Amino acid sequence: MTGIDDLPIRDELRGKSPYGAPQLDVPVRLNTNENPYPLPEPLVARIAERVAEAARHLNRYPDRDAVELRTELAKYLTRTAGHEVTAGQVWAANGSNEIIQQLLQTFGGPGRTAIGFEPSYSMHALISRGTGTGWIPGPRRADFTIDVDAAVTAIAEQRPHVVFICSPNNPTGTAVGAGTVLRLYEAAQAARPCLVVIDEAYGEFSHRPSLLPLIEGRPNLVVSRTMSKAFGAAGLRLGYLAAHPAVVDAVQLVRLPYHLSSVTQATALAALEHTDTLLTYVEQLKAERDRIVAELRAMDFEVTESDANFVQFGRFADSHEAWQAILDQGVLVRDNGVPGWLRVTAGTPAENDAFLDAVRTIRKENN
Ligand code: PMP
(Lines give C-alpha, C1' and ligand atoms only; values in the text may rest on other atoms or scores of the structure.)
Protein backbone atom coordinates (compact mmCIF):
# COMPACT_ATOMS: atom_id res chain seq x y z
CA MET A 1 0.00 0.00 0.00
CA THR A 2 1.48 3.31 -1.07
CA GLY A 3 1.08 6.04 1.55
CA ILE A 4 1.84 9.73 1.53
CA ASP A 5 5.31 9.16 2.94
CA ASP A 6 6.19 6.85 0.04
CA LEU A 7 5.68 9.78 -2.33
CA PRO A 8 8.42 12.32 -3.04
CA ILE A 9 6.65 15.05 -0.99
CA ARG A 10 8.53 17.98 0.58
CA ASP A 11 10.41 16.90 3.70
CA GLU A 12 8.66 19.43 5.96
CA LEU A 13 5.25 17.90 5.09
CA ARG A 14 6.26 14.36 6.12
CA GLY A 15 4.28 12.92 9.01
CA LYS A 16 2.06 16.02 9.28
CA SER A 17 -1.78 16.01 9.46
CA PRO A 18 -4.13 18.20 7.41
CA TYR A 19 -6.47 20.72 9.09
CA GLY A 20 -9.41 18.63 10.17
CA ALA A 21 -12.33 19.72 12.31
CA PRO A 22 -14.56 16.61 12.43
CA GLN A 23 -17.62 16.95 10.14
CA LEU A 24 -19.94 14.61 12.04
CA ASP A 25 -23.65 14.17 11.42
CA VAL A 26 -25.08 15.08 14.83
CA PRO A 27 -28.19 17.10 15.76
CA VAL A 28 -26.33 20.12 17.19
CA ARG A 29 -23.07 21.17 15.53
CA LEU A 30 -21.31 23.91 17.46
CA ASN A 31 -17.72 23.10 16.52
CA THR A 32 -16.56 25.24 13.60
CA ASN A 33 -17.67 28.76 14.54
CA GLU A 34 -20.20 28.86 11.74
CA ASN A 35 -23.18 31.17 11.85
CA PRO A 36 -26.24 28.99 12.66
CA TYR A 37 -28.69 31.12 10.66
CA PRO A 38 -29.30 30.17 7.03
CA LEU A 39 -29.33 33.14 4.68
CA PRO A 40 -32.77 34.83 4.59
CA GLU A 41 -34.99 33.84 1.64
CA PRO A 42 -34.97 37.30 -0.04
CA LEU A 43 -31.17 37.10 -0.09
CA VAL A 44 -31.26 33.55 -1.48
CA ALA A 45 -33.51 34.85 -4.28
CA ARG A 46 -31.17 37.78 -4.94
CA ILE A 47 -28.18 35.42 -5.10
CA ALA A 48 -30.05 33.31 -7.67
CA GLU A 49 -30.70 36.45 -9.71
CA ARG A 50 -27.13 37.71 -9.60
CA VAL A 51 -25.66 34.27 -10.24
CA ALA A 52 -28.00 33.80 -13.22
CA GLU A 53 -26.68 37.06 -14.63
CA ALA A 54 -23.09 35.91 -14.01
CA ALA A 55 -23.91 32.56 -15.66
CA ARG A 56 -24.74 34.36 -18.89
CA HIS A 57 -21.09 35.38 -19.08
CA LEU A 58 -19.37 32.24 -17.82
CA ASN A 59 -17.70 31.78 -21.20
CA ARG A 60 -15.54 34.74 -20.14
CA TYR A 61 -13.03 34.92 -17.29
CA PRO A 62 -14.24 36.87 -14.24
CA ASP A 63 -13.21 40.44 -13.43
CA ARG A 64 -9.65 39.61 -12.38
CA ASP A 65 -9.45 42.63 -10.08
CA ALA A 66 -12.96 42.13 -8.61
CA VAL A 67 -13.43 45.90 -8.67
CA GLU A 68 -17.18 46.03 -7.96
CA LEU A 69 -16.82 43.60 -5.05
CA ARG A 70 -13.85 45.45 -3.56
CA THR A 71 -15.77 48.72 -3.89
CA GLU A 72 -18.71 47.29 -1.93
CA LEU A 73 -16.42 45.72 0.69
CA ALA A 74 -14.71 49.09 1.11
CA LYS A 75 -18.11 50.74 1.66
CA TYR A 76 -19.01 48.08 4.22
CA LEU A 77 -15.77 48.63 6.15
CA THR A 78 -16.10 52.40 5.96
CA ARG A 79 -19.61 52.15 7.39
CA THR A 80 -18.93 49.60 10.14
CA ALA A 81 -15.25 49.66 11.10
CA GLY A 82 -14.80 53.32 11.95
CA HIS A 83 -12.39 54.23 9.17
CA GLU A 84 -12.73 55.27 5.56
CA VAL A 85 -11.16 52.82 3.14
CA THR A 86 -11.15 52.80 -0.65
CA ALA A 87 -11.42 49.89 -3.10
CA GLY A 88 -7.68 50.29 -3.72
CA GLN A 89 -7.04 49.39 -0.07
CA VAL A 90 -9.15 46.24 -0.20
CA TRP A 91 -8.31 42.85 -1.68
CA ALA A 92 -10.52 39.74 -1.76
CA ALA A 93 -9.87 36.00 -2.06
CA ASN A 94 -11.43 32.58 -1.51
CA GLY A 95 -11.81 32.79 2.26
CA SER A 96 -9.50 34.62 4.61
CA ASN A 97 -7.38 31.45 4.55
CA GLU A 98 -6.45 32.34 0.99
CA ILE A 99 -5.82 35.93 2.05
CA ILE A 100 -3.40 34.61 4.69
CA GLN A 101 -1.80 32.30 2.13
CA GLN A 102 -1.29 35.15 -0.35
CA LEU A 103 0.22 37.32 2.40
CA LEU A 104 2.63 34.55 3.40
CA GLN A 105 3.54 33.83 -0.21
CA THR A 106 4.34 37.52 -0.61
CA PHE A 107 5.93 38.43 2.72
CA GLY A 108 7.04 35.02 4.10
CA GLY A 109 8.48 32.05 2.23
CA PRO A 110 11.71 30.03 2.40
CA GLY A 111 14.32 31.58 4.67
CA ARG A 112 11.71 33.77 6.38
CA THR A 113 9.67 33.33 9.58
CA ALA A 114 6.26 34.17 11.02
CA ILE A 115 5.23 34.38 14.68
CA GLY A 116 1.82 33.97 16.33
CA PHE A 117 0.83 33.92 20.00
CA GLU A 118 -0.44 30.47 20.90
CA PRO A 119 -2.93 28.98 21.36
CA SER A 120 -4.27 30.73 18.29
CA TYR A 121 -5.76 29.90 14.90
CA SER A 122 -3.87 26.77 13.85
CA MET A 123 -3.98 27.66 10.14
CA HIS A 124 -1.52 30.52 10.68
CA ALA A 125 1.12 27.88 11.45
CA LEU A 126 -0.15 25.44 8.82
CA ILE A 127 -0.23 27.97 5.99
CA SER A 128 3.21 29.14 7.07
CA ARG A 129 4.44 25.58 6.66
CA GLY A 130 2.66 25.23 3.31
CA THR A 131 4.40 28.35 2.02
CA GLY A 132 7.83 27.33 3.33
CA THR A 133 7.74 30.01 6.04
CA GLY A 134 9.35 29.04 9.36
CA TRP A 135 6.85 29.12 12.25
CA ILE A 136 7.65 30.60 15.66
CA PRO A 137 5.17 29.80 18.45
CA GLY A 138 4.99 32.98 20.56
CA PRO A 139 3.82 33.20 24.19
CA ARG A 140 0.45 33.92 25.78
CA ARG A 141 -0.45 34.28 29.48
CA ALA A 142 -2.21 31.51 31.42
CA ASP A 143 -5.43 33.57 31.13
CA PHE A 144 -4.92 33.56 27.31
CA THR A 145 -4.30 37.29 27.01
CA ILE A 146 -1.16 38.45 25.20
CA ASP A 147 1.68 39.32 27.58
CA VAL A 148 2.87 42.35 25.66
CA ASP A 149 6.32 42.51 27.28
CA ALA A 150 6.95 38.81 26.61
CA ALA A 151 5.65 39.20 23.04
CA VAL A 152 7.87 42.23 22.41
CA THR A 153 10.88 40.28 23.72
CA ALA A 154 10.05 37.31 21.47
CA ILE A 155 9.79 39.62 18.44
CA ALA A 156 13.07 41.38 19.30
CA GLU A 157 14.85 38.05 19.72
CA GLN A 158 13.36 36.19 16.77
CA ARG A 159 13.11 39.08 14.28
CA PRO A 160 10.20 37.53 12.31
CA HIS A 161 9.15 38.73 8.85
CA VAL A 162 5.43 38.33 9.62
CA VAL A 163 3.56 38.78 12.93
CA PHE A 164 0.03 37.41 13.39
CA ILE A 165 -2.28 39.03 15.92
CA CYS A 166 -5.60 37.21 16.00
CA SER A 167 -8.24 39.46 17.58
CA PRO A 168 -10.71 38.19 18.68
CA ASN A 169 -8.46 35.17 19.02
CA ASN A 170 -9.53 31.70 17.98
CA PRO A 171 -9.89 29.46 20.04
CA THR A 172 -9.82 31.59 23.20
CA GLY A 173 -12.18 34.45 22.22
CA THR A 174 -9.85 37.08 23.68
CA ALA A 175 -9.40 40.42 21.88
CA VAL A 176 -6.60 42.97 22.09
CA GLY A 177 -6.74 46.76 22.22
CA ALA A 178 -5.05 49.26 19.94
CA GLY A 179 -2.26 49.83 22.48
CA THR A 180 -1.16 46.20 22.27
CA VAL A 181 -1.16 46.23 18.47
CA LEU A 182 0.87 49.43 18.38
CA ARG A 183 3.51 48.09 20.77
CA LEU A 184 3.84 44.85 18.79
CA TYR A 185 3.93 46.77 15.50
CA GLU A 186 6.68 49.09 16.76
CA ALA A 187 8.69 46.16 18.15
CA ALA A 188 8.34 44.30 14.87
CA GLN A 189 9.46 47.28 12.76
CA ALA A 190 12.38 47.91 15.11
CA ALA A 191 13.64 44.37 14.50
CA ARG A 192 13.35 44.57 10.68
CA PRO A 193 10.70 45.70 8.15
CA CYS A 194 7.92 43.26 9.03
CA LEU A 195 4.31 42.66 7.99
CA VAL A 196 1.85 42.65 10.92
CA VAL A 197 -1.41 40.84 10.16
CA ILE A 198 -4.42 41.42 12.39
CA ASP A 199 -6.77 38.49 11.81
CA GLU A 200 -10.22 39.96 12.53
CA ALA A 201 -12.27 37.01 11.25
CA TYR A 202 -14.55 37.51 14.27
CA GLY A 203 -14.30 41.31 14.37
CA GLU A 204 -18.03 41.94 14.04
CA PHE A 205 -18.77 39.96 17.22
CA SER A 206 -16.42 41.95 19.44
CA HIS A 207 -17.37 44.24 22.32
CA ARG A 208 -14.46 46.40 21.14
CA PRO A 209 -14.19 48.54 18.01
CA SER A 210 -12.34 47.19 14.98
CA LEU A 211 -8.57 47.68 14.86
CA LEU A 212 -8.91 48.71 11.20
CA PRO A 213 -8.25 52.47 11.79
CA LEU A 214 -4.69 51.52 12.77
CA ILE A 215 -3.77 50.83 9.13
CA GLU A 216 -3.67 54.61 8.58
CA GLY A 217 -0.05 55.65 8.10
CA ARG A 218 1.21 52.08 8.73
CA PRO A 219 1.91 50.43 5.37
CA ASN A 220 3.10 47.22 7.04
CA LEU A 221 -0.18 46.65 8.90
CA VAL A 222 -2.94 44.50 7.39
CA VAL A 223 -6.40 43.66 8.69
CA SER A 224 -7.89 40.39 7.44
CA ARG A 225 -11.66 39.77 7.46
CA THR A 226 -14.12 37.16 6.23
CA MET A 227 -17.75 36.76 5.14
CA SER A 228 -17.72 33.23 6.66
CA LYS A 229 -18.83 34.31 10.15
CA ALA A 230 -20.72 37.61 10.41
CA PHE A 231 -22.27 37.28 6.95
CA GLY A 232 -23.25 33.66 7.61
CA ALA A 233 -21.61 32.64 4.37
CA ALA A 234 -18.93 30.06 5.23
CA GLY A 235 -19.88 28.08 2.12
CA LEU A 236 -19.26 31.09 -0.11
CA ARG A 237 -15.50 31.25 0.58
CA LEU A 238 -14.96 34.99 0.62
CA GLY A 239 -12.27 36.65 2.68
CA TYR A 240 -10.74 40.08 2.28
CA LEU A 241 -8.08 42.39 3.63
CA ALA A 242 -7.72 46.11 4.17
CA ALA A 243 -4.29 47.73 4.08
CA HIS A 244 -2.18 50.32 2.30
CA PRO A 245 -2.73 50.11 -1.50
CA ALA A 246 0.91 48.98 -1.87
CA VAL A 247 0.05 45.77 0.04
CA VAL A 248 -2.81 45.15 -2.39
CA ASP A 249 -0.36 45.67 -5.28
CA ALA A 250 2.12 43.30 -3.63
CA VAL A 251 -0.27 40.35 -3.31
CA GLN A 252 -0.99 40.62 -7.06
CA LEU A 253 2.49 39.12 -7.51
CA VAL A 254 1.33 35.77 -6.11
CA ARG A 255 -2.44 35.59 -6.66
CA LEU A 256 -3.56 33.17 -9.35
CA PRO A 257 -5.11 34.91 -12.34
CA TYR A 258 -8.91 34.96 -12.06
CA HIS A 259 -8.80 33.36 -8.59
CA LEU A 260 -12.26 34.69 -7.62
CA SER A 261 -14.92 33.13 -9.84
CA SER A 262 -17.73 35.25 -11.29
CA VAL A 263 -20.17 33.11 -9.29
CA THR A 264 -18.32 33.91 -6.06
CA GLN A 265 -18.20 37.62 -6.86
CA ALA A 266 -21.91 37.71 -7.76
CA THR A 267 -22.90 35.85 -4.58
CA ALA A 268 -20.77 38.06 -2.32
CA LEU A 269 -22.22 41.20 -3.93
CA ALA A 270 -25.75 39.92 -3.30
CA ALA A 271 -24.90 39.21 0.35
CA LEU A 272 -23.47 42.71 0.76
CA GLU A 273 -26.80 44.15 -0.42
CA HIS A 274 -28.36 42.47 2.65
CA THR A 275 -25.76 43.59 5.18
CA ASP A 276 -28.26 45.21 7.55
CA THR A 277 -30.36 42.06 7.93
CA LEU A 278 -27.28 39.88 8.39
CA LEU A 279 -25.93 42.23 11.06
CA THR A 280 -29.13 41.81 13.07
CA TYR A 281 -28.23 38.09 13.29
CA VAL A 282 -24.80 39.12 14.56
CA GLU A 283 -26.48 41.08 17.36
CA GLN A 284 -28.56 38.02 18.30
CA LEU A 285 -25.43 35.85 18.31
CA LYS A 286 -23.57 38.33 20.51
CA ALA A 287 -26.43 38.22 23.02
CA GLU A 288 -26.44 34.40 22.91
CA ARG A 289 -22.65 34.34 23.34
CA ASP A 290 -23.00 36.52 26.45
CA ARG A 291 -25.77 34.22 27.74
CA ILE A 292 -23.59 31.11 27.27
CA VAL A 293 -20.75 32.81 29.18
CA ALA A 294 -23.11 33.76 32.04
CA GLU A 295 -24.78 30.34 32.26
CA LEU A 296 -21.48 28.42 32.15
CA ARG A 297 -20.12 30.66 34.92
CA ALA A 298 -23.28 30.03 36.94
CA MET A 299 -22.47 26.31 36.63
CA ASP A 300 -18.99 27.06 38.02
CA PHE A 301 -17.12 26.48 34.79
CA GLU A 302 -14.11 28.64 34.08
CA VAL A 303 -14.89 30.73 31.02
CA THR A 304 -12.46 32.84 29.01
CA GLU A 305 -13.70 36.36 28.24
CA SER A 306 -15.14 36.18 24.72
CA ASP A 307 -15.33 38.78 21.97
CA ALA A 308 -16.14 36.19 19.31
CA ASN A 309 -19.08 33.98 18.31
CA PHE A 310 -17.70 31.16 20.45
CA VAL A 311 -16.76 30.54 24.06
CA GLN A 312 -13.80 28.69 25.55
CA PHE A 313 -14.71 26.87 28.76
CA GLY A 314 -13.17 24.40 31.22
CA ARG A 315 -11.46 23.17 33.06
CA PHE A 316 -11.59 19.49 32.54
CA ALA A 317 -9.18 16.93 33.92
CA ASP A 318 -9.55 15.23 30.55
CA SER A 319 -10.97 17.57 27.90
CA HIS A 320 -11.26 14.85 25.28
CA GLU A 321 -13.38 12.75 27.62
CA ALA A 322 -15.61 15.77 28.31
CA TRP A 323 -15.85 16.42 24.54
CA GLN A 324 -17.03 12.82 24.06
CA ALA A 325 -19.55 13.07 26.94
CA ILE A 326 -21.07 16.18 25.33
CA LEU A 327 -21.08 14.48 21.91
CA ASP A 328 -22.85 11.44 23.42
CA GLN A 329 -25.72 13.87 24.10
CA GLY A 330 -25.86 14.92 20.45
CA VAL A 331 -23.87 18.14 20.74
CA LEU A 332 -20.61 18.55 18.83
CA VAL A 333 -18.19 21.09 20.33
CA ARG A 334 -14.49 21.56 19.57
CA ASP A 335 -11.50 20.05 21.28
CA ASN A 336 -8.70 22.28 20.05
CA GLY A 337 -6.02 20.45 21.95
CA VAL A 338 -5.75 23.22 24.57
CA PRO A 339 -5.34 21.02 27.65
CA GLY A 340 -8.31 21.35 30.02
CA TRP A 341 -10.45 23.49 27.70
CA LEU A 342 -13.14 23.08 25.05
CA ARG A 343 -14.70 25.59 22.67
CA VAL A 344 -18.38 25.97 21.81
CA THR A 345 -19.78 28.10 18.98
CA ALA A 346 -22.84 30.23 19.74
CA GLY A 347 -25.75 28.66 17.84
CA THR A 348 -29.48 29.35 17.78
CA PRO A 349 -31.11 29.75 21.23
CA ALA A 350 -32.43 26.16 20.96
CA GLU A 351 -28.99 24.78 20.06
CA ASN A 352 -27.40 26.69 22.90
CA ASP A 353 -30.03 25.32 25.31
CA ALA A 354 -29.19 21.79 24.12
CA PHE A 355 -25.50 22.49 24.72
CA LEU A 356 -26.13 23.99 28.17
CA ASP A 357 -28.32 20.99 29.13
CA ALA A 358 -25.56 18.62 28.01
CA VAL A 359 -22.86 20.30 30.08
CA ARG A 360 -25.23 20.60 33.06
CA THR A 361 -25.65 16.83 32.89
CA ILE A 362 -21.92 16.11 32.86
CA ARG A 363 -21.47 18.65 35.69
CA LYS A 364 -23.99 16.72 37.81
CA GLU A 365 -22.49 13.34 36.94
CA ASN A 366 -19.04 14.50 38.03
CA ASN A 367 -20.18 16.03 41.33
N1 PMP B 1 -9.11 33.32 10.77
C2 PMP B 1 -9.63 32.78 11.87
C3 PMP B 1 -9.19 33.31 13.19
C4 PMP B 1 -10.56 31.75 11.78
O5 PMP B 1 -11.06 31.18 12.89
C6 PMP B 1 -10.97 31.29 10.51
C7 PMP B 1 -12.00 30.20 10.31
N8 PMP B 1 -12.13 29.28 11.27
C9 PMP B 1 -10.37 31.87 9.39
C10 PMP B 1 -9.45 32.90 9.56
C11 PMP B 1 -10.63 31.40 8.00
O12 PMP B 1 -11.90 31.61 7.62
P13 PMP B 1 -12.35 31.64 6.09
O14 PMP B 1 -11.24 31.03 5.27
O15 PMP B 1 -13.60 30.85 6.07
O16 PMP B 1 -12.53 33.09 5.79
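The model is predicted: local features need pLDDT of at least 70, side-chain atom pairs count only at pLDDT 80 or more, and totals for chains, interfaces and linings use all residues. Residues are numbered from 1 along each chain as its sequence is written. Helices (H or I, at least four residues) and strands (E, at least two) are DSSP runs, numbered from the N terminus.

- Two packed helices are described by the angle between their axes and the distance between the axes.
- Axes are lines fitted to C-alpha atoms, for helices over the stretch in contact, and angles run from 0 to 180 degrees between N-to-C directions.
- Helix α5 spans residues 148–158 and helix α6 spans residues 178–191. Their axes come within 9 Å and cross at roughly 20 degrees.
- α5 and α6 are therefore roughly parallel to each other. The classes are: under 35 degrees roughly parallel, over 145 roughly antiparallel, 65 to 115 roughly perpendicular, and the rest oblique.
- The crossing of α5 and α6 is right-handed. A crossing is right-handed if the near helix is turned clockwise from the far one by less than a right angle, and left-handed if anticlockwise.
- On the α5 side, the contact uses V148, A151, V152, I155 and A156. On the α6 side, it uses T180, R183, L184, A187, A188 and A191. Contact between two residues requires C-beta atoms, placed from the backbone, within 7 Å.
- By class, this contact of α5 with α6 has 9 nonpolar, 1 polar and 1 charged residues. Ala, Val, Leu, Ile, Met, Phe, Trp, Tyr, Cys and Pro count as nonpolar, Asp, Glu, Lys and Arg as charged, and the others, Gly among them, as polar.

- Helix α2 (residues 67–80) and helix α8 (residues 262–273) have axes that come within 10 Å and cross at roughly 25 degrees.
- α2 and α8 are therefore roughly parallel to each other. α2 passes α8 in a left-handed crossing.
- E68, L69, E72 and Y76 of α2 make the contact with Q265, A268, L269 and L272 of α8. By class, that contact has 5 nonpolar, 1 polar and 2 charged residues.
- Helix α1 (residues 41–55) packs with α8 at an angle of about 145 degrees, with the axes 8 Å apart. The crossing of α1 and α8 is right-handed.
- From α1, the residues L43, R46, I47, R50, V51, E53 and A54 take part. They meet S262, V263, A266, T267, L269, A270, A271 and E273 in α8.
- By class, the contact of α1 with α8 has 9 nonpolar, 2 polar and 4 charged residues.

**Helix α9 and what follows**

- Helix α9 (residues 275–298) has 24 residues. From first C-alpha to last, α9 reaches 35 Å, close to the 34 Å expected at 1.5 Å a residue. The expected span is 1.5 Å times one less than the number of residues.
- L278, L285, R289, I292, V293 and L296 are the buried residues of α9. A residue is buried if 20 or more other C-beta atoms, placed from the backbone, lie within 10 Å of its own, exposed if 12 or fewer, and partly exposed in between.
- D300 sits in the loop between α9 and β9 (302–303). Its phi is positive, about 70 degrees, although D300 is not a glycine.
- D300 is exposed, because it has 8 other C-beta atoms within 10 Å.

**Loop residue L211**

- L211 lies in the loop between β6 (195–199) and β7 (221–226).
- L211 counts as buried because it has 25 C-beta neighbours inside 10 Å.
- Leaving aside neighbours within four places in sequence, L211 is in contact with S167, A178, V181, I198, E200 and V223.

**Other backbone features**

- The E118 to P119 peptide bond is cis, with omega near 5 degrees. P119 lies in the loop between β3 (113–117) and α4 (122–130).
- The N170 to P171 peptide bond is cis, with omega near 15 degrees. P171 lies in the loop between β5 (162–166) and α6.
- R159 is not a glycine, yet has a positive phi of about 45 degrees. R159 lies in the loop between α5 and β5.
- R159 counts as partly exposed, with 14 C-beta neighbours inside 10 Å.
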